[in-house]
Amino acid sequence: MKNRMMILMIAIMFMLLCTVSNAAEKVKRPAPLMFDAGVAVSSLMTISDAYIKSVSDRLEVAAVTEEAASGNWERIKPLLEKIEEQEKGDAVAWFALPDGSYYTVDKGLMDKNLSDRAYFPVVLSGKISVGELVVSKSTNQVSAIIAVPVKKGDSVTGVLGVSLFTRKLSVLINKMMRLPDEAIFYALNKDHITAINKKPGLVFMDPEAQGSSSMTMAIKEMLSMEEGIVEYDFHGKRRVAFMKSNYTGWWYAIGLLEISNEAKDKRKK
């Protein structure tokens, strides 16, 4: 926990030191804004990835214990209780057998099955899966999956996982970043689905379905590159820097929403 908080605080301090600029010159000097946004998107990615990785690290430690190898839910449950407690209601921890049947800390054996999830065969092959977006079968909440294999010798005998609620993760990141009101941030996966957003209500939405042709073109350009800057119109002009994470596979984006004076007057009214 201490290491995770240290990583997050370093990332926040780095972002704050690099992005503070004179507000009056943001429109007059677009080049520094572009540079600052580039630094900020790197900080956004660092904060989010570090948080997710801290969960994955704890799962990996639990997966190599005798309790996990036993495949006995009553012995495994205390391991997952500790992990879930650290997330303070922002996640559900679970254990699945190779046939897809699974247990959660709160509900025990579920009457549903995980074998149809895209990440499940990946983990059964012995790999860790991070960042797949699903609607949780146990809570109906939009979640990012972190799942690690439990092995006995060379065989995978089970899966330990955490379903991390991405709307709550969005709120947490927003508090950490302390961005100005006109700033926006979000992350998309390869299927164009929103993983996190400054406005948590937009999580799990496809930006291309929002009716903005310029945003649709910008999103396609974004997902064809590792990093860069795009501009589009969606309730105001948006200019965002973006960067792809090799860890989650998400494209993180951050920038400013430029609102017309007419729109500002309407907001005041």
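Predicted model: local features only at pLDDT ≥ 70, side-chain atom pairs only at ≥ 80, totals over all residues.
## A lysine in a loop

Is Lys88 buried or exposed? Lys88 is exposed, with a relative accessible area of 73%. You will find Lys88 in the loop between α4 (73-86) and β1 (91-96). Its phi is near 50 degrees, a positive value in a residue other than glycine.

Phe204 also has a positive phi without being glycine, here near 75 degrees. This residue sits in the loop between β8 (194-197) and α7 (213-222). With a relative accessibility of 32%, Phe204 counts as partly exposed.

Next, follow strand β5, which covers residues 142-152. Of its 11 residues, 9 are buried, so the strand is largely enclosed by the rest of the structure. In a regular strand, side chains alternate between the two faces of the sheet.

On one side of the pairing story is strand β4 (residues 129-135), which pairs with β5 in the antiparallel sense over 6 bridges. Within this pairing, Val135 has Val142 of β5 as its bridge partner. The two strands form a hairpin with 6 residues between them, and Asn140 in the turn has a positive phi of about 65 degrees.

Strand β6 (residues 155-165) also runs antiparallel to β5, joined to it by 10 bridges. Here Ala144 stands opposite Leu164 of β6. The hairpin of β5 and β6 has 2 residues between the strands, and Gly153 takes a positive phi near 70 degrees there.

## Salt bridges

How many salt bridges does the structure hold? There are 7. One of them joins the side chains of Lys53 and Asp57, at 2.9 Å from N to O. Lys53 and Asp57 are 4 residues apart in helix α2 (residues 30-63), which means that about one helical turn separates them. Lys53 is partly exposed, with a relative accessible area of 38%, and Asp57 is partly exposed as well, at 32%.

Another salt bridge links Lys112 and Asp111, whose closest N and O atoms are 3.5 Å apart. Lys112 counts as partly exposed at 38% relative accessibility, whereas Asp111 is exposed at 69%.

The side chains of Lys137 and Asp116 meet in a salt bridge too, at 2.7 Å from N to O. This pair links distant parts of the chain, 21 residues apart: Lys137 is in the loop between β4 and β5, and Asp116 is in the loop between β3 (108-113) and α5 (119-124). Asp116 counts as exposed, at 58% relative accessibility.

Technical notes:
Residues numbered from 1 in each chain as written. Heavy atoms only, no water. Buried < 20%, exposed > 50% of the residue type's maximum accessible area, 1.4 Å probe, protein only. Pairing = 2+ DSSP bridges. Salt bridge = Lys/Arg side-chain N within 4 Å of Asp/Glu carboxyl O.
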